[in-house]
Amino acid sequence: MKIQKVTAVYYSATGNTKQVTESIARRIGETLGVPVAADDFTLPQNRKEERHYGKEELVVFGTPVYAGRVPNKMLPEVQRLFHADGALAIPVVTFGNRNFDNGLIELRGELEKNGFHTVAGAGVAASHVFSDQIAPGRPDEADWKAIESFAVSAAERINKLEEIPAPVTVRGDDPVGPYYTPLGLDGKPAVFLKAKPLTRAELCDGCGICARVCPMGSIDAANPASVTGICIKCQACVKECPRQAKYFDDPAFLSHVAMLEKNYTRRAEPEFFLS
Ligand SMILES: Cc1cc2nc3c(=O)[nH]c(=O)nc-3n(C[C@H](O)[C@H](O)[C@H](O)COP(=O)(O)O)c2cc1C
């Protein structure tokens, strides 16, 4: 099939998914000899207009996995904003070294429902945003090699396609299973849905970066200590604050992080799907 343009589309609160999705798109673009664009829908102002992709386009579509699925507050945005008339797509998820569970199969299904034809897919292990101890430095050199070779194989597959392909087969439950229940150190469900970031007043100089990077637009720029809307625990404010003024102290959240640090520091490998 003749592809004229590749676009990396992603939600990426702390940058892992952006890096992986853009790398795959870039490598495919180079292999096919076509231009590559990026479309970042992380922030609310970038989620206003619907996008439409035509038959000669390929979209590399990335989201992180939250609780084993596509982030639940982003799912309606994926459904509402991205439409295709037979464009090809490659669903890509990043996950923090625990598991991508049903995230990739869910994303594949949503893209197919929106009129895309999925031709390949990837679940890429990355550093966990909740802890510097879980998969630090991932993706690493070995991961990038594997990612690169996946991108080249995907491009070659696309070049050889003569008819509309069946949806790519990926790991996960069909129909999509429930969200993963975060557990605490005691092995019991850790309920931290209502947790919000706190602010160390002595460190915060009110610069407002946290408000600008919040995907939910939930932090008051005039008073960054005030979280007026929903918090999805993405950690963008914590990671981007230049003065380390943001933190979480919710005991259930901290217990979940401790459980992950205890049980999920072994190496999870990326998984690639091509047929
Ligand atoms: C709310 C939340 C839930 C998460 N759930 C999972 C999970 O179920 N499994 C996993 O391996 N990683 C999980 N992670 C880790 C992220 O998937 C991982 O760090 C990802 O690469 C972050 O992407 P980003 O940098 O593009 O925001 C979760 C992260 C957040 C913020």
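Into which domains is the chain divided? The chain of this predicted model falls into domain 1 (5–178 + 266–273) and domain 2 (198–249), with bounds that come from an automatic or database domain assignment. Because the model is predicted, local features need pLDDT of at least 70 and side-chain atom pairs count only at pLDDT 80 or more, while totals for chains, interfaces and linings use all residues. Residues are numbered from 1 along each chain as its sequence is written.

**The two domains**
- Taken over C-alpha atoms, the centres of domain 1 and domain 2 are separated by 27 Å.
- In domain 1, 9 residues are in contact with 9 residues of domain 2, where contact requires C-beta atoms, placed from the backbone, to lie within 7 Å.

**Helices α1 and α4**
- Helices here are DSSP runs (H or I, at least four residues) and strands are runs of E (at least two), numbered from the N terminus.
- The axes of α1 (residues 16–32) and α4 (residues 141–160), lines fitted to C-alpha atoms over the stretch in contact, come within 8 Å and cross at roughly 45 degrees.
- Among the residues of α1 that meet α4 are V20, I24 and I28, and the α4 residues include I147, A151 and A155.

**The ligand**
- Around the ligand there are 25 residues, of which the closest are N16, T17, P64, G96 and R98; a residue counts as near if its C-beta atom, placed from the backbone, lies within 6 Å.
- The elements giving two or more residues to this shell are α1 and β6 (88–95).
- Domain 1 and domain 2 both give residues to the shell, so the ligand lies between them.

Conventions: Two residues are in contact if their C-beta atoms, placed from the backbone, lie within 7 Å. Axes are lines fitted to C-alpha atoms, for helices over the stretch in contact, and angles run from 0 to 180 degrees between N-to-C directions.
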